[in-house]
Amino acid sequence: MELKTLYREIVNEHNLHPEHKRNLENPTMVLEGVNPSCGDDINLQLEIRDGVITDAAFNGNGCAISQASADMMIDLIMGKPLEEAMRLQKSFMGMIQGTASEEEIEELEEAAALQDISHMPARVKCAVLGWRTMREMVEKLEGE
Amino acid sequence: MTNAYREDFPILLQDDTIYFDNAATSQRPRQVTEAMRYFDENCNANPMRGLYRWSIEATERYEQARADAAELIGAADSREIVFTRNTTESINLAAYSWALHNLKEGDEIVVSVMEHHSNLLPWQMAARQTGAKLVFLEPEPDGTLTEQEITSKITEKTRLVAIGHVSNVMGVTNPVKLIAQTAHKAGALVLVDGAQSTPHMQVNVQELGADFYAFSGHKMLGPMGIGVLYARKELLEEMPPFLSGGEMIEYVSRESATYAEIPHKFEAGTVNASGAAGLSAAIRYLKNVGYDTIREREECLTARLMEGLRGLPYITIYGSEDPKKHCGIVTFNIEGCHPHDVASVLDTENVAIRAGHHCAQPLMKFLGVGSTARASLYFYNTEEEVDRFVEKIGKVRGWLGY
């Protein structure tokens with residue numbers, strides 16, 4: 001997808017009207033994800049009950065791709081068990097690295113629109129910021 | 001309006017790309033690439049040591065570049081020119097070789113908030129290692145450093161003032177001469193980061209009062225990988241080598257060595273001689289164009305660009321309102337649009353600009369922004385490009401969903 005089309009059809013909506021950009025009342029886990037080189041930051045908040053992501057939200061500042069990608073990620077992981085969220089995370093990272101299968105990409109629903117970011121090395125870190133932060137949170141939980 | 005200089009720049013002729021990232025690196029004219037090719041095809045040999053024709057010619061070309069660089073910046077002696085890879089390496093050389101051996105606890109290093117990281121981090125390092133303290137010159141909102149600020153921060157504790165000649169974000173030219181006078185009165189030395197000034201204005205290190213002056217070849221039509229540290233001869237003679245090894249010695253025994261004369265004691269290892277040949281050609285080219293012409297062209301283009309951007313809603317321009325005080329650098333933001341998104345959508349329109357913190361995070365904080373977009377012009381840009389650029393900027397908010 002051409003970049004301007006990508007913005008028009010997907011990114012702009014999630015950037016200008018993000019459904020999940022808010023604060024949770026009772027997050028069980030909060031983590032700040034940062035891209036130091038471009039100053040993007042995301043404050044990801046998860047409510048995890050019995051191994052299931054029962055609620056999720058984010059706050060932050062950054063480019064449209066970083067913010068929209070986080071919003072789309074939350075669409076996908078909300079209500080999912082942690083293993084499922086991590087599986088989707090692997091698919092997303094694989095998509096960005098150009099190694100994911102078609103089925104894996106399809107599962108990412110709207111977030112699959114970001115697959116052409118794999119051809120834009122400068123924007124990869126924006127697209128993966130939310131996902132990377134979520135992975136760090138789950139890994140932390142698993143380590144506890 | 002056409003611009004006859006463009007004919008010399010093959011990269012500018014290939015398509016309609018608007019290259020407005022000249023403050024990051026400039027483009028190279030044929031004359032520069034030809035000089036480098038001449039070196040590679042006619043006298044490529046290790047300079048300094050060889051006793052045969054090619055090596056002798058390589059040495060001559062390398063030393064000619066040193067003389068050209070000395071003349072360009074008004075150095076009294078070409079031995080005051082040390083070749084490095086770039087401005088960053090030049091400043092590091094001064095920090096490691098001069099600052100670490102001359103600063104002590106209680107001393108102060110004065111820098112401005114506008115410095116590029118390459119003129120900040122080496123001094124942070126030197127301060128950490130010697131116990132010296134960093135003191136910051138705070139600019140006015142438009143980037144001006146006032147005399148009051150300069151004279152109040154430079155004191156008898158100051159040992160070094162490290163200052164950018166032209167800010168790579170604001171485009172403002174700092175009052176280096178006044179800073180140097182103040183510093184010298186206080187008994188301090190002055191290092192000038194000339195990366196953004198040397199491409200655009202006639203520099204005379206002696207008139208400025210610079211004890212150290214650093215610049216890069218690649219921002220002034222030359223190749224990447226060749227830069228200069230100018231330092232007064234007395235300073236260079238007292239400074240220990242930064243790197244050691246080949247080409248920088250006089251005599252070596254098993255346990256010790258005596259170093260070569262300046263500037264060679266600072267140029268360890270095989271040097272970038274073909275890059276130096278390219279730098280020579282770049283200096284010749286700049287002289288042929290002339291700094292007056294360069295300034296006139298840039299002022300005219302900058303005025304047009306700023307006027308165009310001011311005519312658009314939602315745009316904030318940083319720095320002075322006077323285009324003449326921008327040195328071709330126009331840093332801006334479009335309300336609601338992150339600069340990285342701006343640069344990415346402009347790329348799809350064949351427009352190259354820089355977006356981000358421009359290696360000047362303390363300045364971004366001072367301006368109260370996370371990042372900015374920056375268009376930076378050079379004499380080979382055209383009015384037509386400026387107009388096309390402004391037209392595209394007017395569409396960015398639409399592309400980003402507003």
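Helices α1(A) and α2(A) are roughly perpendicular to each other, because their angle falls in the range of 65 to 115 degrees. This is a predicted model, in which local features need pLDDT of at least 70, side-chain atom pairs count only at pLDDT 80 or more, and totals for chains, interfaces and linings use all residues. Residues are numbered from 1 along each chain as its sequence is written, and chains are lettered from A and ligands numbered from 1 in the order in which they are written.

**Helix pair in chain A**
- The axes (lines fitted to C-alpha atoms, for helices over the stretch in contact) of α1 (residues 3-16) and α2 (residues 64-77) of chain A come within 8 Å and cross at roughly 80 degrees.
- Residues of α1(A), among them Tyr7(A) and Ile10(A), meet residues of α2(A), including Ala68(A) and Met72(A); contact requires C-beta atoms, placed from the backbone, to lie within 7 Å.

**Chain A against chain B**
- In this interface, 16 residues of chain A are in contact with 13 residues of chain B.
- On the chain A side, α1(A) gives the largest share, six residues.

**Chain B**
- Chain B has 14 helices and 15 strands, taken as DSSP runs (helices H or I, at least four residues; strands E, at least two).
- The C-alpha atoms of chain B fill a box of roughly 70 × 55 × 35 Å along the principal axes.
- Of the 402 residues in chain B, 53% are buried, meaning that 20 or more other C-beta atoms lie within 10 Å of the residue's own.

Key:
Axes fitted to C-alpha atoms, helices over the stretch in contact; angles between N-to-C directions. Parallel < 35°, antiparallel > 145°, perpendicular 65-115°, else oblique. Contact = placed C-beta atoms within 7 Å. Buried ≥ 20, exposed ≤ 12 C-beta atoms within 10 Å, placed from the backbone.
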